[in-house]
Amino acid sequence: MMEAGSSTLEQLRTCLVRLDLKTQALIARHDSTGDLYPLHEAMATNSASAFLASVNLWHRRLGHPNSQTVSSLLQHFQIPCRKDSHDPALCEACQRGKHVRLPFHLSKTSTFTPFELLHCDVWTSPVLSVSGYKYYLIVVDDFTHYMWSFPLKAKSDVHGIFVKFQQFVSTHFSTPIRFLQCDNGTEFDNQRNRDLFLARLSAPFAP
Ligand SMILES: [Zn+2]
């Protein structure tokens, strides 16, 4: 006799019988014609949950649908399965297969002095500040990674900030700002800013 969890396994001459440990009720019987005892899921009752496929396994068998689809299919066809929770975030195939974009390439830009290249973007705050600011201009120096942030009430204020920042850099560091890396938002890509810097435009939502 073999003990396994809450049930016992009794090996007879031509079959393997699983009995409930407390009640000794028959849970499953596996007939054999040789040395192997095949397990058939249809023979298992609710108490023999160890034999049932998990929700995660059915998720993979059904081609990785979402949780609602898996549970509705299992209910509709009355498929018995272990009631473990299914978290799609833990399925590696789903995470890889449902990506909508490839990873970004590593940047090959190399700078040798401060203010040679500045990265800038405007962040829109979902909440208006107490002082009435809704936008924030973020400027990062590529060489030093030093960062400045400027609150804005309108995106059109970007040019005025750039003019003052250009003067600040020129006065304190005696160097011009050479390149500006930004997306092609109109707050950056306009003639007034082109007169100040050489702008390098990147695609929207790209680093
Ligand atoms: Zn999946």
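Analyst: A residue is called buried if 20 or more other C-beta atoms lie within 10 Å of its own, exposed if 12 or fewer, and partly exposed in between, with C-beta atoms placed from the backbone. This is a predicted model, in which local features need pLDDT of at least 70, side-chain atom pairs count only at pLDDT 80 or more, and totals for chains, interfaces and linings use all residues. Residues are numbered from 1 along each chain as its sequence is written.

User: Is Ser174 buried or exposed?
Analyst: Ser174 sits in the loop between H4 and E8. The labels H and E stand for DSSP runs numbered from the N terminus: helices (H or I, at least four residues) and strands (E, at least two). Ser174 follows H4 and has a positive phi, near 50°. Because 7 other C-beta atoms lie within 10 Å of Ser174, the residue counts as exposed.

User: How many helices and strands does the chain have?
Analyst: Along the sequence the pattern reads β-β-β-β-α-α-α-β-β-β-α-β-α-β. The secondary structure therefore comes to five helices and nine strands.

User: What percentage of the residues of the chain count as buried?
Analyst: The chain has 207 residues.

User: How many bridges join E5 to E6?
Analyst: Two strands pair if DSSP finds at least two bridges between them. E5 and E6 run antiparallel, and the partner of Val122 in E6 is Leu137. The number of bridges that join E5 to E6 is seven.

User: Which residue takes a positive phi in the hairpin of E6 and E7?
Analyst: E6 and E7 pair in the antiparallel sense over six bridges, and Ile138 has Ser149 as its bridge partner in E7. Five residues lie between the two strands of the hairpin. The residue with a positive phi, near 65°, is exposed because it has 8 other C-beta atoms within 10 Å. That residue is His145.

User: What is the reach of helix H4 from its first C-alpha to its last?
Analyst: H4 covers residues 158–173, which is 16 residues. The expected span of a helix is 1.5 Å times one less than its number of residues. That gives 22 Å for H4, and the reach is close to it, at 22 Å.

User: Is Leu74 exposed or partly exposed?
Analyst: Leu74 lies in helix H2 (residues 67–76). Not counting residues up to four places away in sequence, Leu74 touches Trp58, Ile79 and Cys81. Because Leu74 has 17 C-beta neighbours inside 10 Å, the residue counts as partly exposed.

Note on methods
Contact = placed C-beta atoms within 7 Å.
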